[in-house]
Amino acid sequence: MAALPVFRWRLAPDGYATRRQLRALGLRPGGQDVAAQLERPRHRRGPLVAYLYCVDHAVPVRPMTPARKAALAKANRARRLCPVCRRDAGYVIPTSLGTCVPCADTDPHGSDGSTR
């Protein structure tokens, strides 16, 4: 395996892009291997690394089909459904709470704070 070319942060030559940059151009890596990497030095820690792909070998993003759109809508709907009250919260349920905010805010010990 040949070593990847390594560039310093913000100094990569034209023709290379990260996944996020490819996506902004309407492209995807399309199965190609990583072509190079960027390294951003950090104080007292290892460098941040970003992988680069050749823009010339990137392929267009697959179009959204009706079936993919329906599956995505179903997955997002499931993330909004509160498991306690079974209502659509209208937002993605925070994983830190596990329920919608009104269900998480209910006081299980009553309003006076007693445990009886």
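## Salt bridge

Asp-88 pairs with Arg-80 in a salt bridge, and their closest N and O atoms lie 3.2 Å apart. The term stands for a side-chain nitrogen of Lys or Arg within 4 Å of a carboxyl oxygen of Asp or Glu. Searching the whole structure turns up one salt bridge.

Asp-88 counts as partly exposed because its relative accessible area is 45%. Arg-80, at 24%, is partly exposed too. Here, buried means under 20% relative accessible area, exposed over 50%, and partly exposed in between (1.4 Å probe, protein chains only).

## About the model

This is a predicted model, in which local features need pLDDT of at least 70 and side-chain atom pairs count only at pLDDT 80 or more, while totals for chains, interfaces and linings use all residues. Residues are numbered from 1 along each chain as its sequence is written, and side-chain values use heavy atoms, with hydrogens and water left out.

## Cysteines

The whole structure contains zero disulfides. Cys-85 is in none: the nearest cysteine sulfur belongs to Cys-82, 3.6 Å away, whereas a disulfide is a pair of cysteine sulfur atoms within 2.5 Å. With 25% relative accessibility, Cys-85 is partly exposed.

## Positive patch

On the surface, Arg-10, Arg-40, Arg-42 and Arg-45 gather in a patch of positive charge. Patch members have over 30% relative accessible area and no salt bridge, with like charges joined within 9 Å and nonpolar side chains (Val, Leu, Ile, Met, Phe, Trp, Tyr) within 5 Å.

Arg-10 sits in the loop between strand 1 (6-8) and strand 2 (16-17); strands are DSSP runs (E, at least two residues) numbered from the N terminus. Arg-10 counts as exposed because its relative accessibility is 76%.

Notes. Accessible areas come from the Shrake-Rupley method with a 1.4 Å probe; for residues, only the protein chains shown count as cover. Lys and Arg count as positive and Asp and Glu as negative; His and the chain ends are not counted. The place of a charge is taken as NZ of Lys, CZ of Arg, CG of Asp or CD of Glu. Helices (H or I, at least four residues) and strands (E, at least two) are DSSP runs, numbered from the N terminus.
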